[in-house]
Amino acid sequence: MLTDSHVHLSFVKDKSAFLKSTLASKIKPVFMGVDESSVNDLVNLCKSHNIAFFAGFHPLFLDKMCVSDRQGYIKAYLDRLFTLHNSVIKDRDFYNLCGLGEIGIDKRASVSAQEQIAICKAQLDVAFKYKKAVSLHVVKGHDLMLSLLSCLKAEHKLPVFCIHGATLSYDLIKAYSSYNAYFSFGSNLIKKKMTADTISDVKDTVCVANGNVKDNVKYLISDKCQTMLKLISQDRILIESDYDGCSDIYPHAFLHNVYKSVAEILDLDEKSLERLVSDNLYNFIGAKSV
Ligand SMILES: [Zn+2]
């Protein structure tokens with residue numbers, strides 16, 4: 001059983017078919033919300049399946065919200081959600097509303113950095129209040145994120161978090177590790193496929209992996225990412241597909257290949273890596289705070 005610590009349902013057309021194909025692939029997925037409608041979908045699916053999901057408002061989706069006070073609305077919405085739903089964690093398994101995500105800071109977003117920080121802080125406050133793990137998305141905003149985390153730590157209000165889709169310098173790994181962060185890797189590790197056609201764009205790589213990849217295709221991981229993986233404490237490593245719904249079939253071949261490549265870099269056999277990542281995800285979701 002492979003664990004996928006970060007996957008989306010938002011753009012999948014037939015959500016229950018997708019869920020069925022995911023579970024049939026013997027994958028333990030953790031679904032991420034990005035806005036109110038994606039979270040509501042997850043809440044509804046959760047009623048009929050024992051799935052794990054995170055609820056949150058992604059910075060790139062904030063501009064679609066038609067409310068005057070986005071921060072106040074989000075805080076009240078999440079507060080209500082976390083009082084109605086709680087995670088179930090037992091026998092090395094977990095499901096239901098397990099955490100808060102995907103949230104963060106993204107300098108490409110049209111909403112100002114100042115408002116993004118305020119909204120991210122409001123969501124981190126909710127996570128701390130309900131003792132939930134957080135999946136953080138940070139693009140070109142690590143300075144802002146680190147100063148926000150530092151303020152929360154000083155106030156003893158910092159929830160446990162992971163940096164999802166991590167591609168980080170040595171200094172950033174050191175800085176986030178000082179907060180006991182988890183790091184989640186997936187398509188960000190992939191440089192290109194070992195086939196005649198070189199795919200440089202990560203999104204294209206994921207799409208190809210979803211639809212057409214053969215099980216024996218091997219992926220290359222850049223030297224930078226190999227070094228980064230070796231720098232991170234192994235009990236903090238998570239693996240993800242960050243799949244966003246290019247097709248209605250779960251990208252299990254892609255995830256398998258990420259596990260295979262990471263196992264080689266860390267000099268572990270695949271079964272040991274599966275166990276390690278599964279334990280790490282369980283500890284991440286069950287952790288109360290940093
Ligand atoms: Zn994501």
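## Close-up views of a predicted model

**View 1. Helix 10, from end to end and around its axis.** Helix 10 (residues 270-286) has 17 residues, which at 1.5 Å a residue should span 24 Å, and its end C-alpha atoms agree with this, being 24 Å apart; the expected span is 1.5 Å times one less than the number of residues, and helices are DSSP runs of H or I with at least four residues, numbered from the N terminus. Buried in helix 10 are Leu 273, Val 277, Asn 280, Leu 281, Phe 284 and Ile 285, where buried means that 20 or more other C-beta atoms, placed from the backbone, lie within 10 Å of the residue's own. Because they cover an arc of only 125 degrees around the axis, these residues are on the same side of helix 10, the arc being that of the directions from the helix axis to the C-beta atoms.

This is a predicted model, in which local features need pLDDT of at least 70 and side-chain atom pairs count only at pLDDT 80 or more, while totals for chains, interfaces and linings use all residues. Residues are numbered from 1 along each chain as its sequence is written.

**View 2. The surroundings of Leu 238.** Leaving aside residues up to four places away in sequence, Leu 238 touches Ser 5, Cys 162, Tyr 182, Phe 183, Ser 184, Val 277, Asn 280, Leu 281 and Phe 284, a contact being two C-beta atoms, placed from the backbone, within 7 Å.

View 3. Confidence, given as pLDDT from 0 to 100 for each residue, is lowest in helix 7 (residues 202-211), at a mean of 39, and highest in helix 5 (residues 142-154), at 98.

Definitions and conventions:
Helix = DSSP H or I, 4+ residues; strand = E, 2+ residues; numbered from the N terminus. Buried ≥ 20, exposed ≤ 12 C-beta atoms within 10 Å, placed from the backbone. pLDDT = per-residue confidence, 0-100.
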